Amino acid sequence: MKKIANHRHITFSQFLQKRLGAKISPDLLPRRLRILGHVAILWLNPKIVEHKNLIGNTVLEYDSKIQSVLKRTAGISGPYRQPAVELIAGSPDTETVFKENNVIFHLDPMKVMFSVGNKTERLRMSQLGSDELVIDMFAGIGQFSIPMAVHTSPRLIHAIEWNPDAFQYLSQNIKANRVHDIVHPHLGDTGIVTPKLGQGTADRVLMGLIQGTTKYLEQGILSLKPGGVMHIHEIGLKNDLETKLLKILEKTAFSLNRQVKLLNMHVIKTYNPSFDHFVLDVQVTEK
Ligand SMILES: C[S@@+](CC[C@H](N)C(=O)[O-])C[C@H]1O[C@@H](n2cnc3c(N)ncnc32)[C@H](O)[C@@H]1O
């Protein structure tokens, strides 16, 4: 069908209800849509999954820039943090490109994760790192490294990633944003690569992984200069995680003859009804 208009003057929810409300219970229709370049992503209530193609084809008409519609079937998972998604309408060519905060991101949302809900944290990272040596231990496609390099010109960012698909987009995004003199990509396990970058060299370490971050705390702490700062992400029960994580951090730092000082803790987003995604900023000094 030829697309001639978009309907973004009404909300996505209003649009779907207007188009499909007579066939599908409006209460069950999706209310939110994520759009990355030409790819739209939505969650479907399992009760209406039989209508997935009808819903997908309707979404294609919501905005003329949407060419592919994906349904999320679960959260991101596995060692490569891959999304569980299924194409429900439109083009199977889901490799896309978009701009956020003047940063170009190439990715394929069928293969790699990009959390729209982390936008504020990407903005925050884009204001840090000036003249610093930074290690991004879980770089993904460059969600934090590239905005930082584009906006604050660190001396050097080591961006480590072990998923070959994410690494390919990380390399492509470094090129697209012309930050190859700042961001050096490393393909490999951060547990092995980080120590090779030298102990006590980094001004800042980014640990943007959830569910598993604590396994790599030792490498992160040891790579920092005295007074260096770490940003550690995790998920946990609301109002509980920061204390739990801080305790683990203090214990690990102590065993390495270091101490940590909490600079800031905030919630990035609600992960699910009981869990939040947090980030802790800590400063590491010698004991
Ligand atoms: C959840 S994604 C987050 C990407 C980005 N830091 C962000 O917060 O938007 C975590 C990334 O870390 C990578 N990763 C996980 N464990 C790793 C390891 N041991 N070594 C290198 N990369 C790893 C995964 O492949 C994934 O791309």
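Start with the lining of the second largest pocket, which holds 6 nonpolar, 2 polar and 7 charged residues (Ala, Val, Leu, Ile, Met, Phe, Trp, Tyr, Cys and Pro count as nonpolar, Asp, Glu, Lys and Arg as charged, and the others, Gly among them, as polar). A pocket here is an open set of points on a 1 Å grid over the protein atoms alone, with protein on both sides within 12 Å along at least five of seven lines, and lining residues have an atom within 4 Å of a point.

This is a predicted model, where local features need pLDDT of at least 70 and side-chain atom pairs count only at pLDDT 80 or more, while totals for chains, interfaces and linings use all residues. Residues are numbered from 1 along each chain as its sequence is written, and side-chain values use heavy atoms, with hydrogens and water left out.

Now select Ile35, Leu36, Phe98, Glu100 and Val116: of the 15 lining residues, these are the closest to the centre of the second largest pocket. Next, colour domain 1 (12–94) and domain 2 (115–286), since each gives at least three residues to this lining (the bounds come from an automatic or database domain assignment).

Time to move to the ligand. Where does it lie relative to domain 1 (12–94) and domain 2 (115–286)? Both domains give residues to the shell around the ligand, so the ligand lies between them.

Select Phe138, Glu161, Asp189, Thr190 and Tyr216, which come nearest of the 17 residues around the ligand (a residue is near if one of its heavy atoms lies within 4 Å). By class, the shell has 8 nonpolar, 6 polar and 3 charged residues.

Zoom in on Glu161: an N or O atom of its side chain is 2.6 Å from an oxygen atom of the ligand. At Tyr216, a polar side-chain atom lies 2.9 Å from a ligand nitrogen atom.

Definitions and conventions:
Polar contact = N/O pair within 3.5 Å; in protein donor to acceptor, adjacent residues only side chain to side chain. 1 Å grid on protein atoms, 1.4 Å probe; cavity = no way out; pocket = protein on both sides within 12 Å on 5 of 7 lines; lining within 4 Å.
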